[in-house]
Amino acid sequence: MITKETFQSILILLLIFICTNVFAQTDTTQTDSLHTLEDVVITGFQPNSPHATSLNIEPYSLQQINEKAPFNLSDALAKLPGISQITAGNAISKPVIRGLYGNRILVLLSGLRFDNQQWQDEHGLGLSQIGIDRVEVIKGPASLLYGSDAAGGVINIIEEKPDSFGKNFDAGTQLSSNSLGTLTDVGYSNKNLRNWWRLRLGFESHADYSDGNNTRVLNSRNGGYYVKAGFGFDKPKWKQENSYNFSYNQFGFIIDELNTFFDVDKRWSRSLVGPHHNVMLNLLGSQNTFYLNSSLLKLNLGVQSNFREEDEGGGQISLKMHLLSVLQNLRWEKSLSAKTNFVLNQQFTYTNNTNYGARVIIPDANFWEGNISGYLKFRLQKVIIETGAGINYKYIQTFATAPVNTSDSAIQPFKKNNFTGNALLGIVYNPVQWLTLKTNTASGFRAPNLAELSSDGLHEGTARYEIGAPDLKAEQNINTDISLEATGKQWFVSASVFYNNFFNYVFLAPTQEEFYGFQVFRYKQQDAKLYGGEFLSIVKPVKWFQWKETFTSARGKLDDGGNLPFIPAFKLNSALRVEKNFSKQVTNFFAEPELAYVFKQNKPAQFETATRDYLLLNFSSGVTLPAIKGNWILGLTANNITNTLYADHLSRLKYYGLYNEGINFVLSARRTISW
């Protein structure tokens with residue numbers, strides 16, 4: 001009898017054998033690229049092709065994201081090499097880049113940093129893919145340009161704007177079988193020679209999901225409403241893009257033994273009478289580009305309001321927090337010569353956190369941050385050199401807030417200053433047209449967040465009593481990334497390795513203390529290191545067929561030999577893709593079966609558990625049908641087709657004996673009209 005392990009070994013050997021034969025028959029002298037990485041990316045220091053910068057930047061269009069029918073934006077990113085997600089069910093999730101998460105990953109929205117109280121495990125990113133144009137991801141530190149919180153990478157979410165002149169209308173829906181859910185939106189835009197505006201409305205609703213045993217995961221439901229608007233103009237000397245985003249989401253959250261006090265309701269109920277988060281976002285931003293005589297000046301301004309409530313059930317609001325941010329970014333770009341570019345960047349952020357609820361887990365506080373940096377790029381015949389340096393200052397002041405700062409509390413109001421410097425040196429070498437070698441060494445910086453410094457309370461969502469440490473030092477890291485990319489007419493290969501050395505890494509550790517039966521956890525810090533890599537190969541022997549392989553790995557260790565928390569398991573993905581235009585009436589057809597093998601993670605941190613390996617079979621397909629003045633775009637996706645019972649290592653629900661989602665079919669349809 002063939003065991004599961006034997007079958008997996010045979011499968012991997014078979015894939016390697018096929019790959020070797022295909023490469024042996026491929027003409028390596030062909031130089032026309034089949035890969036899409038030639039697209040210009042705007043994330044980083046200047047608009048560039050990813051091949052023209054030493055930073056590890058990868059662009060992903062909305063079309064690429066939607067093909068996989070993700071549950072939200074974090075879920076979409078988690079399907080990409082080197083990126084995972086910490087989850088508490090389908091709705092609550094946050095991205096992980098190479099083992100780093102939370103406030104170590106900077107999220108940009110409309111060109112400005114976005115904060116959704118990511119410091120807490122059960123606080124998700126809370127962003128939908130509705131109304132975006134694309135996402136660009138930097139893997140590795142980018143504190144030189146973006147300041148603190150970019151120690152592990154940057155996720156830049158670029159909002160949509162009309163590309164073609166005239167009026168454009170679209171409406172689409174996505175229906176999920178497992179949660180009997182929907183994500184529906186409608187958009188309208190108008191663009192003339194100089195001006196444009198857009199408006200998009202969205203709605204989503206999901207009942208509880210079921211795992212691979214068809215067991216319902218109680219209170220994993222969620223719902224949300226979205227409004228996005230924007231307008232702008234393009235004058236000879238001044239271009240402006242303004243945006244407004246509103247969202248209101250409700251996320252049911254799961255705690256241990258929930259069914260002992262939460263009555264099981266109807267299977268497809270969406271009622272949020274049990275424990276849940278209410279999160280309301282209001283974001284206003286303005287991006288301005290001024291064309292000077294021989295340089296560019298870019299000014300971004302924004303105001304963000306994040307209002308979060310925690311309902312313990314039955315409408316009893318306990319936690320109520322408001323995070324208000326005022327942001328500004330000024331960048332001057334100039335070509336010093338035909339081969340030398342210079343960028344001067346300045347950034348300022350003010351943030352205020354205020355509590356209004358009876359339960360308080362972090363105090364009221366003010367944050368001030370300033371960053372200034374310079375960047376130079378030299379172009380030689382076959383070599384590009386990038387270098388830069390900058391300084392960053394962050395000031396934190398907490399205020400007396402009951403009950404975390406009572407007279408007998410160990411943590412009293414404090415003021416804290418963090419002053420650091422950052423630098424970068426990168427080299428891109430193109431010895432021949434089809435080969436690119438890149439190396440990048442950059443430093444990052446992150447000031448401890450408010451939870452790490454000043455927590456003193458019970459977190460029901462995690463069943464832990466957490467205590468902060470006001471004397472924590474700022475985290476700093478130095479990351480070295482080496483990558484290789486080779487491109488032919490019928491193939492593409494890329495491989496990268498990284499080594500990330502952290503100084504004063506902050507982590508949460510269990511203690512022997514207890515608070516009324518709840519275990520006490522304290523924030524500590526220690527030097528640490530993360531290392532790993534990614535591999536990607538694409539083979540396209542004929543125009544309509546493509547075979548793609550990806551492999552990702554990451555490891556994280558503390559200096560004392562312990563393991564870092566939330567390090568994803570190694571992952572191997574194999575996908576076959578068919579693309580074809582059948583006729584003028586049936587275009588852009590694609591079908592893509594995918595096998596995802598996730599290795600066991602047997603190196604857990606102190607309060608984690610090991611996770612066994614598993615194999616998932618997924619499928620995605622789509623087609624475009626031309627219609628009057630537009631198109632119908634239809635899609636069918638099936639995830640976990642074999643209904644495998646599994647728990648991802650980064651799922652917080654596995655500690656409660658709960659598993660990830662079972663089989664799920666997603667049907668999508670969109671109608672576009674332009675005139």
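1. A residue is called buried here when its relative accessible area is under 20%, exposed when that area is over 50%, and partly exposed in between, with a 1.4 Å probe and protein chains only. This is a predicted model, in which local features need pLDDT of at least 70 and side-chain atom pairs count only at pLDDT 80 or more, while totals for chains, interfaces and linings use all residues. Residues are numbered from 1 along each chain as its sequence is written, and side-chain values use heavy atoms, with hydrogens and water left out.

2. On charged pairs, a salt bridge is taken as a side-chain nitrogen of Lys or Arg within 4 Å of a carboxyl oxygen of Asp or Glu. The count under this rule comes to 34 salt bridges. Helices (H or I, at least four residues) and strands (E, at least two) are DSSP runs, numbered from the N terminus.

3. Arg 98 forms a salt bridge with Glu 534, and their closest N and O atoms are 3.0 Å apart. Because Arg 98 lies in the loop between strand 3 (93–97) and strand 4 (100–101), whereas Glu 534 belongs to strand 26 (residues 518–542), this pair ties together parts that are 436 residues apart in sequence. Arg 98 is buried, with a relative accessible area of 6%, and Glu 534 is buried as well, at 9%. Both residues also belong to a network of salt bridges that links Glu 58, Arg 98, Lys 139, Asp 481 and Glu 534.

4. How far apart are the closest N and O atoms in the salt bridge of Arg 221 with Asp 208? They are 2.9 Å apart, and the two residues, 13 residues apart, are both in the loop between strand 11 (195–206) and strand 12 (222–234). Arg 221 counts as buried at 0% relative accessibility, and Asp 208 counts as buried at 0% too.

5. Arg 446 is joined to Glu 452 by a salt bridge whose closest N and O atoms are 3.0 Å apart. Here again the side chains are covered by the burial criterion, since Arg 446 counts as buried at 1% relative accessibility and Glu 452 counts as buried at 7%.

6. Turning to the sheets, two strands are said to pair if DSSP finds at least two bridges between them. Five strands form an open sheet in the order 1-7-8-5-6, with mixed pairing. Strand 1 (56–61) and strand 6 (112–114) stand at the edges with a single partner strand each, so one side of each is left without a neighbour in the sheet. Neighbouring strands of this sheet are turned by 25° against each other on average, direction ignored, where axes are lines fitted to C-alpha atoms, for helices over the stretch in contact, and angles run from 0 to 180 degrees between N-to-C directions. Within the sheet, strand 5 (residues 105–109) and strand 8 (residues 153–159) run parallel and are joined by five bridges, with Ile 155 in strand 8 as the bridge partner of Val 107.

7. A run of antiparallel pairings can be followed from strand 17 (residues 340–355), which is joined to strand 18 (residues 365–379) by 14 bridges; there Asn 345 has Ser 373 in strand 18 as its bridge partner. Strand 18 is joined in turn to strand 19 (residues 383–398) by 15 bridges, again antiparallel, and these two strands form a hairpin with three residues between them. Ile 372 is partnered by Ile 391 in strand 19, and Arg 379 by Ile 384. Strand 19 also pairs with strand 20 (residues 415–432) in the antiparallel sense over 15 bridges, where Ile 384 stands opposite Val 428.

8. Which residues form the nonpolar patch on the surface? They are Val 186, Trp 197, Leu 199, Leu 201 and Phe 231, with about 440 Å² of accessible area together. Patches are made of residues with over 30% relative accessible area and no salt bridge, like charges being joined within 9 Å and nonpolar side chains (Val, Leu, Ile, Met, Phe, Trp, Tyr) within 5 Å; accessible areas come from the Shrake-Rupley method with a 1.4 Å probe, and for residues only the protein chains shown count as cover. Strand 11 gives the most to the patch, with three residues. Trp 197 lies in strand 11 and is partly exposed, with a relative accessible area of 38%.
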